[in-house]
Amino acid sequence: TVDFTKIGGLSVIPREHVFDLQRNLPAGGRGTDERQSLELGRRLGATFVVAGAYQRLRDRVRITGQVIEVPTGRSAATVKLDGTIDQIFDLQDQLVQELARAGMAHEVRSTERHAIEDDTEVSVEAFEAYSRGML
């Protein structure tokens, strides 16, 4: 989410708004993750919904991202990247750029690419703990 905000021309709905609406959805608005994401996107006036996941086997990791068009429910793009757990942040940066380009037809300028790829020190272990906590 943070990296998409660094791309000019894209507006990102804050996670807090999504979570607030999600908590207040009637039981009929809940269902599969994709169906619920589309319903949340419609209610929030979004054009796209971005979903993602990662899998890990020892030191190997696969991250997958998908851009879904809210009005049609059609998948605009799916990107799958493989690497090592030590590359997870580089893979995420690449995923954001490819989803913006392929799914949202938005080229990422070099200044935006540098902002996304900002090499801030982050702990892989802290990221995994955070990700497990969000489940």
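In what order do the elements of the chain run from the N terminus on? They run α-α-α-β-β-β-α-α-α, and the chain has six helices and three strands. Helices (H or I, at least four residues) and strands (E, at least two) are DSSP runs, numbered from the N terminus. The model is predicted, so that local features need pLDDT of at least 70 and side-chain atom pairs count only at pLDDT 80 or more, while totals for chains, interfaces and linings use all residues. Residues are numbered from 1 along each chain as its sequence is written, and side-chain values use heavy atoms, with hydrogens and water left out.

The interior may be considered next. Of the 135 residues in the chain, 31% are buried; here buried means under 20% relative accessible area, exposed means over 50%, and partly exposed lies in between (1.4 Å probe, protein chains only). In soluble globular proteins, nonpolar side chains tend to be buried together. A nonpolar core is a set of buried Ala, Val, Leu, Ile, Met, Phe, Trp, Tyr and Cys residues joined through side-chain atoms within 4.5 Å. The largest such core in this chain has 17 residues, and those with the most contacts inside it are Phe-4, Ile-7, Val-61, Ile-63, Leu-81, Leu-95 and Leu-99. Two or more residues of this core come from each of strand E2 (60-69), strand E3 (75-84) and helix H4 (88-104). Helix H4 gives the most, with seven residues. Apart from this core lies another, of five residues, including Leu-38, Ala-46, Val-49 and Ile-68.

Contacts, meaning heavy atoms within 4.5 Å, show how parts of the chain meet. Among the contacts with a separation of 6 or more, 44% are between residues 24 or more positions apart.

The packing of two helices comes next. Two packed helices are described by the angle between their axes and the distance between the axes. Axes are lines fitted to C-alpha atoms, for helices over the stretch in contact, and angles run from 0 to 180 degrees between N-to-C directions. The axes of helix H2 (residues 15-23) and helix H3 (residues 33-44) come within 10 Å and cross at roughly 110°. H2 is therefore roughly perpendicular to H3, a description that covers angles of 65 to 115 degrees. At this contact, Val-18, Leu-21 and Gln-22 in H2 meet Gln-36, Leu-40, Arg-43 and Leu-44 in H3. These residues divide into four nonpolar, two polar and one charged. In this division, Ala, Val, Leu, Ile, Met, Phe, Trp, Tyr, Cys and Pro count as nonpolar, Asp, Glu, Lys and Arg as charged, and the others, Gly among them, as polar.

Two residues of one loop deserve attention. Arg-58 is in the loop between E1 and E2, and has a positive phi of about 55° although it is not a glycine. Arg-58 counts as exposed because its relative accessibility is 67%. Asp-59 lies in the loop between strand E1 (48-57) and E2, and counts as partly exposed because its relative accessibility is 44%. Not counting residues up to four places away in sequence, Asp-59 touches Gly-83, Thr-84 and Ile-85. The C-alpha atoms of Asp-59 and Asp-86 are separated by 7.9 Å, although these residues are 27 residues apart along the chain.

Methods. Parallel < 35°, antiparallel > 145°, perpendicular 65-115°, else oblique.
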